Amino acid sequence: MLAILAITTPIFLLIGIGYVARWSGVMQREQVQGVGIFVLYCALPALVIRALNQQSLEAIFQPHYLVAYGLGSLVVLGAGLVLCLKLQRQPLNASAMQALGMAAANSGFVGYPVAAMVIGSPAAVLLALNMLIENLLVIPTALILAEMGNQHGSSVWKTVRQTALNLAKNPVLIGLTVGILIAVTGVAIPGPIEKVINMLADAAGPAALFVIGGSLFGLQVKGMMRDVGQIVIGKLLIHPLAILVAFLLIPDIEPIYFAGALLFAASPMISIYPLFGQRYGLGGVSATAMLVGTIASFFTISLIIWLMTLSGLITF
């Protein structure tokens, strides 16, 4: 257990440092957002490019992994929709946002740093694969459904077009495209540029955790316990469970990728979740869910790592 805490404690201490930096006034909200922009537009794309050029494309492209993780995430998204829309009779836009909180993990800012400490360099490959699933499948599906709950007809197609345009500008997906092109063409990256890529990639994990901590400052838990509770339970427990079942059903997935998928799925909801929630009238619930989910994930991630060590899936 001490070995597990040695992994999870530094991660959440870095989150705590970000929170204290905001609480103490050392950094303002805009400054923390600036660090977040650095992570999103510089560090994470560099991390993906490095990952894609450290191994062959055959080793990186894992169709069974993509199917299993995508299937598990879609099942959770669908279950969240059924729970909120059919059983609780909530509007479609609110239901889609709650389901998104359950099914889309914070792969870049929490999942990768945790997985990197547990499984090492394969975590960067899984980051690229998970970003594909989240940005091309889970998030667009939830946003289109939420827009359908707001308006009808042409606005839905406008949302589809806008989503496609936003995807084209996504810096992580741009980094993924650049990395694939370099790997396919066999172009050698010049030494100075490679060093810059490595330096940026090494900064991704710590800076991302700092941003999460700073972003949590000022969020308050008020009422809304039913909605917040089911989002957090769906994200931290149901999503990893669904991923576990999906990976057991689909063969030929390496154990280290299996372990990494569980760690990514056990991460709290995506960092921009409150922004999506605010757009569709769920700002308070989504922000509170991210706060509670991030704090609770210290315990659930530690539990999942412990269970994986008991099963022999990972060793220390």
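Which residues touch the most other members of the largest nonpolar core? Hi everyone, the answer is Leu-44, Tyr-69, Leu-100 and Phe-247, in a core of 99 residues. By nonpolar core I mean buried Ala, Val, Leu, Ile, Met, Phe, Trp, Tyr and Cys residues joined through side-chain atoms within 4.5 Å; buried is under 20% relative accessible area, with a 1.4 Å probe and protein chains only. Helix 7 (residues 122-150) gives the most to this core, 14 residues; helices are DSSP runs of H or I, at least four residues, numbered from the N terminus.

A quick word on the model: it is predicted, so local features need pLDDT of at least 70 and side-chain atom pairs pLDDT 80 or more, while totals for chains, interfaces and linings use all residues. Numbering starts from 1 along each chain as its sequence is written, and side-chain values use heavy atoms, leaving out hydrogens and water.

Now to Ser-286, in helix 14 (residues 283-311). Ser-286 counts as buried because its relative accessibility is 0%. Its side chain reaches the backbone oxygen of Leu-282 at 2.8 Å. Leaving aside residues up to four places away in sequence, Ser-286 touches Tyr-273, Pro-274, Gly-277 and Gln-278, where contact means heavy atoms within 4.5 Å. With that same exclusion, Tyr-273 is also among the residues touched by Leu-100.

Finally, the lining of the largest pocket: 25 nonpolar, 16 polar and seven charged residues. Here Ala, Val, Leu, Ile, Met, Phe, Trp, Tyr, Cys and Pro count as nonpolar, Asp, Glu, Lys and Arg as charged, and the others, Gly among them, as polar.

Terms used
Buried means under 20% relative accessible area, exposed over 50%, partly exposed in between (1.4 Å probe, protein chains only). Helices (H or I, at least four residues) and strands (E, at least two) are DSSP runs, numbered from the N terminus. A polar contact is a pair of N or O atoms within 3.5 Å; within protein, one must be able to donate a hydrogen and the other to accept it, and residues adjacent in sequence count only if both atoms are side-chain atoms.
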